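The stops below proceed one selection at a time.

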Protein chains: 2
Amino acid sequence: MIQVLLVHDGCLVRSVLAQWLSREPDLQVDDVPWRRAPCHMRALRPDVCAADLDCSDTAGIPPLGELGLRGGDQALPRLLVLATANRPGLLRRALEAGALGYVDKTGTPEQLLRGIRKVAKGERFVSESLGFGFLKAAEMPLTRRELSVLTLAAEGASFAEIAGSLHLSHGTVRNYMAAITRKTGARNRIDAIRISQGQGWL
Amino acid sequence: MIQVLLVHDGCLVRSVLAQWLSREPDLQVDDVPWRRAPCHMRALRPDVCAADLDCSDTAGIPPLGELGLRGGDQALPRLLVLATANRPGLLRRALEAGALGYVDKTGTPEQLLRGIRKVAKGERFVSESLGFGFLKAAEMPLTRRELSVLTLAAEGASFAEIAGSLHLSHGTVRNYMAAITRKTGARNRIDAIRISQGQGWL
């Protein structure tokens, strides 16, 4: 029996997906929204955590780091993510969090079953159609520092506020923003934010 | 028998939802992504179109106007939307498109069944939990012209480009942007875009 914790922020879809998975004789499924996922991971210790990378909190970035997957413990739950190729930033975060499975949400539901069974055995599963997304994830153009600057700008912070938060000079923030705009191929700051959010970098 | 056309951009979730709906003896379900919805509405003429308001195209605004729901024909399909209270801009678009049903995606799946059956009879269905979203939809602070300006700005257009597109002077665009920033309670232009996108106005 494979214990699955399904993480998805839309209750309606999550319930239907959980019912659908539960019809499989070898799966036992619990389901939670993202905000309750870290706590349930600790309490349930499922074999597989199947998590949708779309998160409904304001920033839209799922708290993968809080799932408690790091720590060298062999018996830790294994992570499978539901993703799309057009948000490589989220794929990259899932890779960094150590996810074993990557199921394309634009593919068939049967892939999810195959993915869960593979990942439960400790094997990698990647939907073929996510290939281009991984390619783009590897080509992420911005440095961590540039991402920090852009994240604050996207939240509506002024140059002065960004400089204050990151202990930089006003001129340095301006230079970072110019580099970000150039590297993302954007026309201006707003365009750079739009492009980066679209890709899931922010 | 109620003919349902399910519109949702994620194939995996759409397939599972369609299978789940098809278990009901009184529902016959077809399913398509948004880009194919207008064509299928014309070809199938379903009783109910049950459409997820999240659309995966770049702008994220579903093409509700292209579903062919307007035209005074009594036999037109009826629209039910899957929505959330935190994007009042999308609720407002659904209202303007003449949707009869509004099902909260953060609620139970049984609501979707009740909603489809109500709407098939030509009756209104609204999830109670969407009430606050409708209140906010009614309080939309921006005029159509302000929205046009902000939409172009969000796409990365400069003031000069916005002025050119909308046949306005540079100063008028600047005045619109100042009004938008004030009315949305934003700190600056980027913040106004962030707030408006979060609410689903853009």
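How many bridges join strand β5 (residues 101-104) of chain B to β6(B)? Two bridges join them, and the strands run parallel; strands here are DSSP runs (E, at least two residues), helices are DSSP runs (H or I, at least four residues), and both are numbered from the N terminus. Two strands count as paired if DSSP finds at least two bridges between them. Within this pair, select G101(B), which stands opposite F125(B) in β6(B).

This is a predicted model, in which local features need pLDDT of at least 70 and side-chain atom pairs count only at pLDDT 80 or more, while totals for chains, interfaces and linings use all residues. Residues are numbered from 1 along each chain as its sequence is written, chains are lettered from A and ligands numbered from 1 in the order in which they are written, and side-chain values use heavy atoms, with hydrogens and water left out.

Next, display the whole sheet of chain B. Six strands form an open sheet with parallel pairing, in the order β2-β1-β3-β4-β5-β6. The edges are β2 (27-32) and β6 (125-126) of chain B, each with a single partner strand, so one side of each has no neighbour in the sheet.

Now select L53(B), in the loop between β3 (48-52) and β4 (78-83) of chain B. Its relative accessibility is 2%, so L53(B) counts as buried (under 20% relative accessible area; exposed is over 50% and partly exposed in between, with a 1.4 Å probe and protein chains only). A C-alpha to C-alpha distance drawn from L53(B) to A163(B) gives 31 Å, for residues 110 apart in sequence.

Move to helices α1 (residues 11-22) and α4 (residues 110-120) of chain B. Their axes are 11 Å apart and meet at an angle of about 65° (axes are lines fitted to C-alpha atoms, for helices over the stretch in contact, and angles run from 0 to 180 degrees between N-to-C directions). The two helices α1(B) and α4(B) are therefore roughly perpendicular, a term covering 65 to 115 degrees.

Finally, turn to chain A and select β1 (residues 2-7). Five of its six residues are buried, so β1(A) is largely enclosed by the rest of the structure. Six bridges join β1(A) in parallel to β2 (residues 27-32) of chain A, with Q3(A) opposite Q28(A). Four bridges, also parallel, pair β1(A) with β3 (residues 48-52) of chain A, where L5(A) stands opposite C49(A).

Key:
Parallel < 35°, antiparallel > 145°, perpendicular 65-115°, else oblique.
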